[in-house]
Amino acid sequence: MKTVDLRSDTVTRPTKEMFDAILKADLGDDVLGDEPTVQKLERLAAEMAGKEAAVYVPSGTMGNQIAICCHTQPGDVIIAEEEAHILYYEVGAPAILANVITRNVPSIRGILDPDEVEKRVMQRSLHTPGSTLLCIENTHNRAGGTITSIERMKELNAVARKHGMKVHLDGARVFNAAVALGVPLTSIISHVDSVSMCLSKGLRSPVGSVLCGPTEFIERARIWRKRLGGGMRQAGILAACGIVSLTKMVDRLAEDHKRCRTLFAALKDLPGLTIDPETVQTNILIVQSQRPAVEWVKALGEKGVDFFPFGEYRFRLVLHADVDDAQVERAIGAFKLTAEHFAKSPAAV
Ligand SMILES: *Cc1c(COP(=O)(O)O)cnc(C)c1O
């Protein structure tokens, strides 16, 4: 039987429609500036984001890092939530590529508090570096796919504006936020200067993200993309899938959210596990375990359910298009058996 793969929404395979789009794609050389399918994707992404322009990049990490490079000067300060992907999972890139200092803001459930942000703003002087960029992550991965509300986006933008800072949104899963809130994407993104959005997660593309922002910013972003080795030639092969993602895959995210709630309802009362119900907002479940997370990962792995530990006593389950209702039921069955088994056998000391 096929493994129930709850490791990440990045594991989704391209659909038949995507393979068809690949076969039909008009191709050119994007580094030479004549890739019609990439250009079509970029126009579509910019339009959906309500921004002037967009650039197609190989990964969300590159989209975020290019944005930081474009918004800052070496020695500047960027402010971000302390477990933001930009700080936690991008291998120190802000220090190495943009040469910036990071000020990390603790938060509740990944949602930045404008007062906490403001406390960390620095004014440039003979003695101190200046903060020039605020980074927001919506939805927040490590906090469990939590949503920063439109109201909060507005407040954060106001703090940044007040201090002459730009705002970048790590919107790897911003479509999940928009679908869960039932609002247009632009109502979230209109409060930031730039946004990076993943096509390769719940939207099912094999590869790629789009970075959107003002025309002048995107022109500089193209230079950074080339500098970082992200210029791709017949990238229309991939961009064709991205177009399918943006036109056909957004609404379906609601199914992932629904299955996430189903999984939550079944797991929340199992002995040895706890889940903060307030984090159950989109497609990610963060589960606290009494036993070490690795023991759960191993036991479930033997029953054909894969996921990652997310700390010593914490693991993450991610719902996506390649996990259907039957697989959710199988995962629930496996968790119940394991919980019963663990409840009967005392944990090793
Ligand atoms: C996945 C992800 C990214 C980008 O990841 P890539 O693997 O580089 O595409 C950025 N931010 C968040 C919050 C993510 O979850």
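Q: Which residue forms a salt bridge with Arg-109, and how far apart are the closest N and O atoms?
A: Glu-278 forms that salt bridge with Arg-109, with the closest N and O atoms 3.6 Å apart, where a salt bridge is a side-chain nitrogen of Lys or Arg within 4 Å of a carboxyl oxygen of Asp or Glu. This is a predicted model, in which local features need pLDDT of at least 70 and side-chain atom pairs count only at pLDDT 80 or more, while totals for chains, interfaces and linings use all residues. Residues are numbered from 1 along each chain as its sequence is written, and side-chain values use heavy atoms, with hydrogens and water left out.

Q: How is the protein divided into domains?
A: Domain 1 covers 10-248 and domain 2 covers 252-343, with bounds that come from an automatic or database domain assignment. The C-alpha centres of domain 1 and domain 2 lie 28 Å apart.

Q: And how much do domain 1 and domain 2 bury between them?
A: They bury about 1,800 Å², 52% of it on carbon and sulfur atoms; buried area here is the accessible area (1.4 Å probe) that two parts lose on being put together, summed over both. Within domain 1, Arg-109, Arg-142 and Asn-176 lose the most area to domain 2, and together they make up 28% of what that side buries.

Q: How many residues are in contact there?
A: In domain 1, 22 residues are in contact with 18 residues of domain 2, contact meaning heavy atoms within 4.5 Å.

Q: How many salt bridges are there between domain 1 and domain 2?
A: The count between the two domains is three salt bridges.

Q: Switching topic, what is the strand order in the open sheet of four strands?
A: The order is S9-S10-S13-S12, with antiparallel pairing; strands are DSSP runs (E, at least two residues), helices are runs of H or I with at least four residues, and both are numbered from the N terminus. Two strands pair if DSSP finds at least two bridges between them.

Q: Why is one side of S9 and of S12 left without a neighbour in the sheet?
A: Strand S9 (273-274) and strand S12 (308-309) stand at the edges and each has a single partner strand, so one side of each has no neighbour in the sheet. S12 pairs with strand S13 (residues 314-318) in the antiparallel sense over two bridges, and Phe-308 stands opposite Arg-316 in S13.

Q: Last one: where is Met-122?
A: Met-122 lies in the loop between helix H6 (114-119) and strand S5 (131-137). Not counting residues up to four places away in sequence, Met-122 touches Val-77, Arg-103, Thr-128, Pro-129, Gly-130 and Ser-131.
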